Structure formats: structure tokens, C-alpha cells
Amino acid sequence: MPPIIDENKCLACGVCADICPQDVFFGSENGKAPVISYPEECWHCNACVSDCPVQGAIRLRIPFPMLICYR
Amino acid sequence: MTQKSMAEEMIEADVLCVGGGIAGLMAAIRAGELGASVIVADKANTLRSGSGGMGNDHFRCYLPEFHGPNIEPVIQDVKAGDAGTRPDSFIRTWMEKSSEIVKLWDSLGIPMKYNGDWEFAGHTFPGGIFSWLKYAGQNQKGVLTKEARRRGANIVNRVMVYDLLCDDEGRVIGAIGVHTRENRIITFLAKSVVLSTGRPVRLYPSTTPGWMFNRADSPHTTGDGRAMAYRAGADLIDMEIPMRWAGPKYFARCGKATWVGVLRDAKDQAVGPFVQRPDRRYGDAIADTYRTLFEDYIRSGKGPVYMDGRGISNDDYEYMMYWMAHEGNMGIFNHLKEQGIDYKEHPVEFTTYEIMTMGGIHYNEKGETSLKGLYAAGDEYRGNISCAAIFGWVAGENAAAYSRTGETAKSERIAAQIREKKELVERILAREKGATWQEANIALQQTMFDYAGTARFESILSAGYDHLKRVKKKAHEELAAKNQHELVHCLEVLNLMDLGELVFAGTLERKETREKYSRIDYPYRNPMLDGKRLVYKKGEGGPIVAWRQKKQ
């Protein structure tokens, strides 16, 4: 369930927790890698990925029910 | 039962903007520019909150440099697409101010030109008028946040305002909110309030059963403004009229006009008459005029329907991807990339999303509501980004002017209201055990879907209305929250329940079928209702709905 944080890359800057519209990072503490308290409330808007200062430190995993249908 | 004591805070200003989306920030910028002291209270963070949080790429407008000196054809085009919901004066104000706002945004650092020129595309029918300006809105919220601060606005993030404060004459004089992370209640005393909190997104079930957050619009917008305006005595309108969006399946998301492709059925036949091959100027506007197409095609055995980008030129593909990033749709395209799905080779299925209500707060071309001191803008009623930007600006201007004449709140009257509204929150937090917000939200959604969904008739509506009232009563008695995050969701659900009641009350009253509205037991238009609309107001025993002549 999204988002997924790579703790080796995360700077613990708090940007993602600061801006997340759904506040899935509720309960995160300053100076520590964010916790994902409410993954099921993620809208997959990509704000955390887009505003993270480190490429690859955070990514979204799209859950099965949202897989795109195509042919 | 343990009582968790809440910290209290009081903030004063001339103008309080509730919701810091496009409309709220524009109101703050304008009011601040005019010298008013301004607060913006946002449930999330104005940098990314609201329906325009991750961007937008199309801004409806009239630009003399592009359209020529005559504004009338553009006004007529907007009016035709509006289906008579807005009076002429509103549409005229909107288009007349649009050029100024486009240039303001460009000067602030939201690029409104493409390759140095005005670029109009999408949501357009071949042979029709181009009125949607392509613009690079990916960082629009950051730009507008910075500008609001530069003009003196105090932006208070992570506070959910949940009720308005009124004086004895019914004038709005402030609001009350809870912090979404800390155990704190905040009272705002303001001479005027601008509501711009967005759509009631979690009223009906989502496209994915059991999954409340897979939505075309951001699920943190829950119609809070509509609900608090209604409870304060303001007029709401059109709550019975359903609205549907359409877009990719199953990754629900607005932005279909940014897709360059042709909507085709499973046998590769175009489902609309407007485009036969991918064309970046138009997209495929059949889904604008016929949003239930995808649902109807499944029901009639002709689906699924796909957005088919096969045959798209590399240039057009790059063009589409550039705008997708600005429309805020990179979540979808990153997903396609990760799955190895190339849109140039694989048509993507589209679907009609869940029902929502078109209705909301009745506000005029000055941003005024029916209550003194209360203004509204943006998605407090149906609209789009340019509507939000322009009427946010207008509402901010008029709220600032009103504030210059407004009086400071009387303290004894306020104290009683604050106490009463605070008790609601304290009761929810004090319950050690009780119903979760999810339980209440799902109960509401299934009731809306089953009893005020696509099959609407007297007996089902009456049964559903009764059931919803019982569910709402239980929610007020039993909702419990373990923390501030859950508390916010509880308050959202109570807001949505109030709005759900309005949908039932209005649908029972409108005994006819017209355009997107249908009643199985009245399958015909009632000409006596031409030119009329339903107005909703809070009464002693529940909502009062009444017919009123529409302003032309």
C-alpha cells in the first residue's frame, strides 16, 4: 500500500508529511522518516513523490483495485 | 469516560477564507491587496490542497488577443455549456474578468502561454469556439500561496473549520475549527467569511466497492462549506441534480480533456461523431456532452469503451504528456510506465464515475450568499478552475469591502455558540468506544447509492430518507475518534450526512424528468417547473425546500 519510503534515501526533511492533502503521514515526527499511518486513505495524487527533494526516496505503489484496465 | 481537555485559541481578522484552494487563495490575495487582514484556514496544506492541488492545464476564458474584440460568442459558448444553471450576469462577469486574471497569473509565475503564445485546446467540438486556455498549472498552489502571504495573509494549515458563528441578526461573524493534528480548537472572529472548501466527494460510494478514496476528485474535499453554510441558514440550490464525471478505469481521476485520443468501442468504432483520429486540438469531447456514455455502453452490451491513442504522432504524444504533468495526472502515467503499458499501443478503458450532486451554496456574481457577511466561491457550487480563480478574486474583493463596514462580534453571544459547537467535538473525542467514521461514511454511501442513486422514485426515496435520518441520529450519538485525524473524518461524515438529507428532500420534491435528472415515477418534463430551481434552507425540523424563479 502506498506510499513507500526508502529509508536509506529519505532525508527526514518532512516535506511529504507537511503537504500530503490526505494526511496519510499523521503522527510523523520531525527529524525522523515519516510514518504512513493511513495508507488506505492515499489518493495517489503524487504530491509526496513530486515534492520530495530526493529522487527515489518515496514512491507510490498502486493497489490492485486501481490497476488500469487496457487492451 | 475520560475527558480529554482541548487547548483553545482565538484568532481575529477582517476576512476569513475557509479552504485554501484556488478560490480561497485568490480571495485572500485580493482582500489582502485591498488592505484587509486575512486568514486562510485549510484542512490540509495550501501548497497541495484542493481539486487544483496537483495542477490544472485548462482555464476557461475570453482573451481579446485570441478571440478578437467581441466577447459575445465566448459568453454564448459558456452559457450553452452551463445548461442554464448560472444567470447571464454571472457568466458575463466571469468572462469579462477572465483576461485580467489570466494575465495576473502569468505575471505571478503560473505560465499561461505555451511556446510564447496563447494555446487553446481540449473540451472543444470541431467547428466550435476555443475557450479553454492551456496553461502550466503544476505549481499553481505554491505560487498562489506565496502571493497570498506576500499580501499579508496568515495561512493556517491543518485546521478544519466545521461551523460558522452568527450574530443575533443572522450575520456571519466567524467560524470554529479543530486542528487536524493537535488537540486544539480554534475560534476565528472575522467580519466576513469566504467559503471555498470544494466538492462533497465522499457522499456516494467510489468506483471501487469498499474503497472510499479511489476518486476522480480529491477525497479530502467533503462539502464542509455547503454543510456549514446550510446549518448557518444560507440558501443552497440544485442539490437534487446529479452530476457524473468520467475517466480512466480503475484509476479514478479527472482530466479526461487532456487525453489525446478517440473514444472507441471494443470493435474499434468511434463512439462519438467529433473526432475520428487523435487530434490534440480537441481531445474527444463526446465524453463532455455524454458522461454516462461508458455506463450506457456496458448496459446496452456495446462496451467497454476505450480512450484510444493508437496512431498518435510522437509530437502529439509529447504534447499530451507535457499537459498531463500540469493537469496533475502523473500518478496515472507513472503507473502505466511501471506496468509497461504504452498508451501509443494500448487503448485505456474509460468509465463513468459515481454520482455526486451538482448543487451547492447559492452565490451570485459578487460572491455573496444569502447571509450577510458570508461569501462563497469555487466548488461551493459547480465550477472549474477559472470560475474558482475569478469568483475567488471577486468574493475576496467584496468581503474586504463589507469588512470595512462590519462590526466586531458581541462576545457574550459568541461564547454560547462556541461552547455548543465545542461540545460536539468533545463528545466524539470523549467516547472510549463507539462507531468509527468509516462505519458511518459507508452507511451513508450505501444509503445514497441504493435510495438516491440512478433509480429514483417516491417510495424508494422516502424509505431512504427515513433510513438516513436514523443513521445520522446514531452517528451523532455514537461516533468516536481515537485522535484528531479520526475526529476530522467524523466531522466530515456528519457534514456529508446533512448534505445527503438535502439530496433526498429535493429529489422527493422535484417530480419530473429533465436532462440529467430522472424520476422513474415521473418520466416526463413538467413545464410548470421551467425556469425554476429548488432552494434549500434549514428549518426547525429539517430541510425546507422551495421553488424559486431562476434569475436570467
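In what order do the elements of chain A run from the N terminus on? They run β-α-α-β.

## Basis of the model

This is a predicted model, in which local features need pLDDT of at least 70 and side-chain atom pairs count only at pLDDT 80 or more, while totals for chains, interfaces and linings use all residues. Residues are numbered from 1 along each chain as its sequence is written, and chains are lettered from A and ligands numbered from 1 in the order in which they are written.

## Chain A

The secondary structure of chain A comprises 2 helices and 2 strands. Helices (H or I, at least four residues) and strands (E, at least two) are DSSP runs numbered from the N terminus. The C-alpha trace spans about 45 × 25 × 15 Å along its principal axes.

Of the 71 residues of chain A, 44% count as buried. A residue is buried if 20 or more other C-beta atoms lie within 10 Å of its own, exposed if 12 or fewer, and partly exposed in between, with C-beta atoms placed from the backbone. Among contacts in chain A between residues at least 6 apart in sequence, 53% join residues at least 24 apart. Two residues are in contact if their C-beta atoms, placed from the backbone, lie within 7 Å.

## Tyr70 of chain A and its contacts with chain B

Tyr70(A) belongs to the segment after strand E2 (58–59) of chain A. With 18 other C-beta atoms within 10 Å, Tyr70(A) is partly exposed. Leaving aside residues up to four places away in sequence, Tyr70(A) touches Ile341(B), His346(B), Pro347(B), Val348(B) and Glu349(B).

## Overall form of chain B

Chain B contains 15 helices and 17 strands. Its C-alpha atoms fill a box of roughly 70 × 55 × 50 Å, taken along the principal axes. A compact globule of 552 residues would have a radius of gyration near 24 Å, and the 23 Å of chain B agrees with this.

Among the 552 residues of chain B, 55% count as buried. Of the contacts in chain B with a separation of 6 or more, 73% are between residues 24 or more positions apart.

## Parallel pairing around strand E1 of chain B

Strand E1 (residues 7–18) of chain B runs parallel to strand E8 (residues 184–195) of chain B, and 11 bridges join the two. Two strands pair if DSSP finds at least two bridges between them. Within this pairing, Glu9(B) has Ile186(B) in E8(B) as its bridge partner.

E1(B) is also joined, by 4 bridges and in parallel, to strand E2 (residues 38–41) of chain B. Here Val18(B) has Ala41(B) in E2(B) as its bridge partner.

## An antiparallel sheet in chain B

An open sheet of 4 strands in chain B has the order E14-E9-E16-E17, with antiparallel pairing. Strand E14 (360–361) and E17 of chain B are the edge strands, each pairing on one side only. Between E9(B) and E14(B) there are 2 bridges, and Ile237(B) has Gly360(B) in E14(B) as its bridge partner. Strand E9 (residues 236–237) of chain B is likewise joined by 2 bridges to strand E16 (residues 532–539) of chain B, where Ile237(B) stands opposite Val535(B).

E16(B) and strand E17 (residues 542–549) of chain B run antiparallel and are joined by 8 bridges. Leu534(B) has Trp547(B) in E17(B) as its bridge partner. A hairpin connects E16(B) to E17(B) through 2 residues.

## Helix H15 of chain B

H15(B) lies across E9, E16 and E17 of chain B, running at about 45° to E17(B). Axes are lines fitted to C-alpha atoms, for helices over the stretch in contact, and angles run from 0 to 180 degrees between N-to-C directions.

The axes of helix H6 (residues 224–232) and helix H15 (residues 484–509) of chain B come within 9 Å and cross at roughly 65°. H6(B) and H15(B) are therefore roughly perpendicular to each other, a class that covers 65 to 115 degrees, with angles under 35 counted as roughly parallel, over 145 as roughly antiparallel and the rest as oblique. In this contact, Asp224(B), Arg226(B), Ala227(B), Tyr230(B) and Arg231(B) in H6(B) meet Glu492(B), Asn495(B), Asp498(B) and Leu499(B) in H15(B).

Terms used. The radius of gyration is taken over C-alpha atoms; the globule rule is 2.2 Å times the number of residues to the power 0.38.
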